[in-house]
Each structure stands twice: as structure tokens, then as C-alpha cells.
Amino acid sequence: MKKWLLLTIISAIALVLAACGGGGGAKSSDDYTKENPLVIKFSHVTAIDSVKGKSADYFAKLVDEKTEGRVKVEVYPSSQLYGDADELDALMSGNVHMIAPSVTKMVKLDPRWQYVDMPFLFQDAEHVQAFFDSEVAQSLFNADALASNDIMGKAFWPNGFKNFSSNKNPLVKPEDFAGQKFRAQAGKVLEAQFKALNAGSATISFGETYAALQQGTVDGTENPHNNFDTMKFYEVQKYYSTSAHGRLDYAIFVNKSFWESMPEDLGKLVDEALAEATTYAQGLAADENAKSLEKIKSVGSVEVYEMSQEERDVLKEAMQPVYDEFADVITKELLDGIEALKK
């Protein structure tokens, strides 16, 4: 009798849990209202008026419109919540739900993400976009290294080609770099890049770079025009060369468990908003970088040297040791796949 009673109780509990969505307390879209929305925390490290900052805010606006306020994206720019060093851990732990890091930050999970740091890998903006739209890029999102850490890759957001800056002298020829120290993102490829130019590098968070340049902790850095402009690095740098030697691009990563727990209809609307924001980001990057270059020239505090293709080719040749060292790490398959997308 007791055994039968126990089985009856267990069956009753199972039915109740099933009715509640399997015991996970899953909510339907009807549970979310404008007064009690589903909140998505989106953390990033750049300024509000940067390409990333504007695109993140546009995404939040679209989500609000499409869901009629039932989903709210809380955007935290300028490392307000987490910086370069800890935003990925915050995503994996679920403390934030979205981040848009420079893709090189993903090296701790998959060394292939260092592709973006390989000098002169991309020919032009069209080549970059062809990569974003390709199966080659999608293979990075589909890697087990993301899923096993409860991460889902959603989209690529461009920023732009990186350019060298310094307080000591113009940077044009390989010998111009000798003896200088540059702020760089973490990564062995960037260390090797500066080593090939007989220079040093220091890993400093993006939010602390202005102070490091101001205090002379480092002599220079590398940034797309827009980052150099919106972070006001022109106030603490004297020379700027349009080297276009590497890329600084972002990818949108979300907490996989959180994303898949959203009610299906709301999740579809959020994904639609992200697709539209991605198109917006792609158009914005080119416009903002062009405007920023003109501003950098106009402020008068920085000497801008516009490099020729021949001068870039000399730099590229000097950085060949980077390919010799890292081609196998990033994989020939990925590098050849990117190369094949050139037109």
C-alpha cells in the first residue's frame, strides 16, 4: 500500500512539473510586460559614441520596438560592468547575457580567433565582409569550444582596419618602431607582430589605455580611426600612420542557456532586431571611420601620415615571421579559407 501511494505521489508531482514546463519554471511570453520585461544585460568596453556603442544602442531600441517593451536590453558601455579581462567570464557565468568583444579575446577558448591579428591578412573592407558572410566564419561560431562553455556566437560587427600611433616619431618604415613599446590586446600574435618590428608590447585594458599613453607607460598603440577618435587618443599621441595593417572587429556572443530559455516568439523578435542591428553596424563602421579620420586630421594635435601601398608592403614583408610562427596554430584551413575570399 505504501509503495503504491509513493508511486501515485511521484506521478502527481511529475504531472505538475510537466505542466510548469519541466520543472524549470519556464515562462511564456505572456508573463512579460512593459512593466515587467525580460531583461537582457549587454556589456561592452567602448564609448557610447563608438561604432559598437551606437550599434548596441540601436539594437536595444529595435528590441524595445519589436517586442512592444516586453524585452528590455540594458546596455552597459565603457566597461561600466566588466572590462576586457573579465567580460567573457561574466558571460559564461550568466552575470551578463551579451557581450561584443574584439574577437581576439576569444583566444582563451579557441586559438583560431587570432586570425584577426594576422598582419595584412585582409585586402579591403569587401574582403572582410565576404569573410563575415562565409561558412569559413561560421565554422568559428560552430566550434565545440563555445558550446561547451555555454556560449553562442550570433553575429560579426565590424570596426575597422588598425593604424599605428606613437609619441616618439612617425611610424612608416620597419626601423621606425625599434625600441618603442605599444599597448596591445592580449595575444601571442600581437606580441610577435611587435617583436618582428623590434618593438615591445604591453597588455593594457582598453579603458586604461588613455592613461597609459598619457603617463608614458607605453609609447603608442594601434586602433581603427573611430576608436582613436572616440577615446580621444589624439590628446595623448603625436603621430598617426594609416597603416591598415590589421583588423579590430567584434563578434556578438550570448549566454547560450539564457538565450535558449527565452520564449520562442520573443526570441525570434530579438534575433530579428540583432540581424537589423548587424546590418546597421556594417554600414556605420565605414562612415564613422571616414569621419573620424577627418577629425583626427583637423584637431591639429596629431601629425597624420597617409601610407602608400608600397610602404605597407614593406611592413608586411617585415612581419612575415608572424606567419611562420602562427600559421599552424590558427590553421592553414582557416587562413587559406580567408585568402580564397579575396576578389
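A: R247 is buried, with a relative accessible area of 6%. Buried means under 20% relative accessible area, exposed over 50%, and partly exposed in between, with a 1.4 Å probe and protein chains only. The model is predicted, so local features need pLDDT of at least 70 and side-chain atom pairs count only at pLDDT 80 or more, while totals for chains, interfaces and linings use all residues. Residues are numbered from 1 along each chain as its sequence is written, and side-chain values use heavy atoms, with hydrogens and water left out.

The partner of R247 is D249, and their side chains meet in a salt bridge of 2.7 Å, N to O. A salt bridge is a side-chain nitrogen of Lys or Arg within 4 Å of a carboxyl oxygen of Asp or Glu. D249 is buried because its relative accessibility is 1%. R247, at 6%, is buried too. The structure holds 20 salt bridges, and this pair is one of them.

Another salt bridge joins D84 and K105, whose closest N and O atoms are 3.7 Å apart. This pair links distant parts of the chain: D84 is in the loop between β2 (71-76) and α3 (87-93), K105 is in the loop between β3 (98-99) and α4 (125-132), and the two are 21 residues apart. Helices (H or I, at least four residues) and strands (E, at least two) are DSSP runs numbered from the N terminus. D84 counts as buried at 16% relative accessibility, and K105 is buried with a relative accessible area of 16%.

K332 and D336 provide a case with other surroundings. Their closest N and O atoms are 2.6 Å apart in a salt bridge. Both residues lie in helix α14 (residues 332-339), four residues apart, which is about one turn of the helix. K332 is exposed, with 58% relative accessible area, whereas D336 is partly exposed at 38%. Elsewhere, salt bridges that share partners join K54, E288 and K291 into one network.

Some charges belong to a surface patch instead. D30, D31, E264 and D265 form a negative surface patch. For such a patch, residues need over 30% relative accessible area and no salt bridge, and like charges are joined within 9 Å. Asp and Glu count as negative. D31 sits in the loop between α1 (2-19) and β1 (38-43). At 38% relative accessibility, D31 counts as partly exposed.

Next come the aromatic rings. The structure holds 23 aromatic pairs. Rings of Phe, Tyr and Trp (its six-membered ring) pair if their centres lie within 6.5 Å; planes under 30 degrees apart count as stacked, over 60 as edge-to-face and the rest as tilted. One of the pairs is F164 with F177, edge-to-face, 4.7 Å centre to centre and 75° between the planes. F164 lies in strand β4 (residues 151-166) and F177 in the loop between β4 and β5 (181-184), so the pair ties together parts that are 13 residues apart in sequence. F164 is buried at 0% relative accessible area, and F177 is buried at 0%.

F164 also pairs edge-to-face with F194, at 6.0 Å centre to centre and 65° between the planes. Here the link is between distant parts of the chain, from F164 in strand β4 to F194 in helix α7 (residues 188-196), 30 residues apart. F194 is buried, again with 0% relative accessible area. W113, Y115, F122, F131, F132, F141, F156 and F253 form one aromatic cluster.

Helix α4 also holds A125, which counts as partly exposed at 46% relative accessibility. The C-alpha atoms of A125 and F161 are separated by 8.5 Å, although the residues are 36 apart along the chain.

Finally, the whole protein. There are 14 helices and nine strands. Buried residues make up 50% of the 343 residues. Along its principal axes, the C-alpha trace spans about 90 × 40 × 40 Å.

Definitions and conventions:
Patches are made of residues with over 30% relative accessible area and no salt bridge: like charges are joined within 9 Å, nonpolar side chains (Val, Leu, Ile, Met, Phe, Trp, Tyr) within 5 Å. Accessible areas come from the Shrake-Rupley method with a 1.4 Å probe; for residues, only the protein chains shown count as cover. The place of a charge is taken as NZ of Lys, CZ of Arg, CG of Asp or CD of Glu.
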